[in-house]
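Please read these notes with the model open beside you. Each point takes up one part of the chain and can be checked by eye.

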Amino acid sequence: DGSAAAPDITQRAARPKIGAPYTTANVLAWMDSHHDSGQPFFLYVHLLEPHSPYNPPPEDDLFKSDAYPYLSNDGYDLVRGGLFRLAVNGDQKAVERLYQLYDGKIHYVDRYVGIILDRLRSLGLEDNTYVVLTSDHGEMLYSHPDDFLTFDHRSLYDPVLHIPLIVAGPGIPKGELNPALASNLDTAPTVLDLAGAPALDDAEGHSLAPLIEGKVKSANEYVFAEEDVEIPERSVRSLDYKLIRNLWTEEEQLFALRSDPGELHDVAKANPEMVKQLDVPLDAWMKVNEPSHEVQVRRWKIYTEPLKVVTVDDIGIGAAFLISHRQEWHSDENPASGNYGGASFWTEAGDGSRTALWRGDSPLVGRYKVSVYTGLPKVGPLATNARYKIVAEHETQTVMVNQQQGAGQWHLLGTFENPRFVELSNAANGVVVADAVRFERIE
């Protein structure tokens, strides 16, 4: 009768259950009730796994070795996220264990994909249904240990961008691997083409069906990517090279993908002609797709408005914290030290080559008070002149902090417009402690 109040869909009780078991059950029920309707169908199945945290059930944790077999990963705090802390500090056994857990999560979700495909076959749909399997991103998993974006999927390196695209169905050659360039933008045009449906007038991607059928050898001369959450970057890739541009610094990296598929050796300085060659399509693509800086800032401000306080510390997943020369830092997890969250890193005084860097986990748009927190680990005389560099959009400041004073308290470094990161250096007169940094938005 219209008198009842509309349900509040923001309440947790109203949210659907997610995860492979629930999604698969819904998919099977839908297939059972629609398979004999005689109507064409399109079914989109989104399985959230594998994704961090890497917490496969015991029956899928099959890849154990002597690399911390008793440790798992079920969150980001000191206890459940301990593997992350070890990996951030360069422990290769911890990295190996995270790979094992990630593989276990893949094994877990693969079982549910198999259940769906088995039902497709049992319903007699295998011979007239196309199946497309792909992903939105990969995971870094410490494949670039000296890079800031070393763990998560917020970068433009291939461990993030190079994802599977598997197509099966009537007329699709079995077991063939095609090295041609493709983009997620091509997925929808490909599905429509295979299904005999009309193309989208405003599609940016290309159908890969002619490529799959062997009618052409290439669908894209270049593919592009963008990243804005941690560090704004853009990239362009040909078959042989990838160029990554940092929009903050305008610095560019170039990787020769055939000889360096891991993208570990920047050859931009050695091959300036290729940099210039790839700059042309990247500039053209950005001109068409890039909003103005003012529009970007306005959008990010809307997105980050609810984030009044962001606290970034070293016990997170490693996507917002980085230490350089990792083997020369030491971990302190003594609760008596008063560290933020129960842990910190420290290193001896030196020439400034050892650094710790904190960022927000989302773009910091607006005015922020930036503060630092330091416990008091029992590691010898702490620095009285610990050097913190705060880099914001329009300014850079260096603030000296006496780490022997105010342990267990927040120390204000200053107020900054659109802060980007805070960096601590070991150019000091004593041990420096990397504990926590807080970015607090002010009206």
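1. A residue counts as buried under 20% relative accessible area, as exposed over 50%, and as partly exposed in between (1.4 Å probe, protein chains only). By this rule Lys242 and Asp158 are both buried. Their side chains form a salt bridge, with the closest N and O atoms 2.8 Å apart; the term means a side-chain nitrogen of Lys or Arg within 4 Å of a carboxyl oxygen of Asp or Glu.

2. The model is predicted, and local features need pLDDT of at least 70, side-chain atom pairs count only at pLDDT 80 or more, and totals for chains, interfaces and linings use all residues. Residues are numbered from 1 along each chain as its sequence is written, and side-chain values use heavy atoms, with hydrogens and water left out.

3. Where do the two partners of point 1 sit? Lys242 lies in strand β5 and Asp158 in helix α4 (residues 158-161), and the pair links distant parts of the chain, 84 residues apart. Helices (H or I, at least four residues) and strands (E, at least two) are DSSP runs, numbered from the N terminus. Lys242 and Asp158 also belong to a network of salt bridges that includes Arg237 and Glu263.

4. How many salt bridges does a search of the whole structure find? The total is 24. One of them joins Arg111 to Asp60, with 2.4 Å between the closest N and O atoms. Arg111 is in helix α3, while Asp60 is in the loop between α1 (20-34) and α2 (82-88); 51 residues separate these distant parts of the chain. Asp60 counts as buried because its relative accessibility is 0%, whereas Arg111 is partly exposed at 32%.

5. Helix α3 covers residues 92-122, which is 31 residues. The expected span of a helix is 1.5 Å times one less than its number of residues. For α3 this gives 45 Å, and the end C-alpha atoms are 45 Å apart, so the two agree. At the N-terminal end, Asp91 caps α3 with a side-chain oxygen 3.0 Å from the backbone nitrogen of Lys93. Just after the helix, Gly124 has a positive phi of about 75°.

6. Is Ser238 buried or exposed? Ser238 counts as buried because its relative accessibility is 13%. This residue is in the loop between β4 (233-237) and β5 (241-246). Leaving out residues up to four places away in sequence, Ser238 touches Leu181, Glu221, Tyr222 and Leu257; contact means heavy atoms within 4.5 Å.

7. An open sheet is formed by 4 strands in the order β7-β18-β12-β15, with antiparallel pairing. Two strands pair if DSSP finds at least two bridges between them. The edge strands, β7 (309-313) and β15 (410-417), each pair on one side only. From one strand to the next the twist averages 20°. Between β7 and β18 (residues 436-441) there are 5 bridges in the antiparallel sense; Val309 stands opposite Glu440 in β18.

8. Arg367 is partly exposed because its relative accessibility is 39%, and Glu417 is partly exposed at 31%.

Note on methods: Polar contact = N/O pair within 3.5 Å; in protein donor to acceptor, adjacent residues only side chain to side chain. Axes fitted to C-alpha atoms, helices over the stretch in contact; angles between N-to-C directions.
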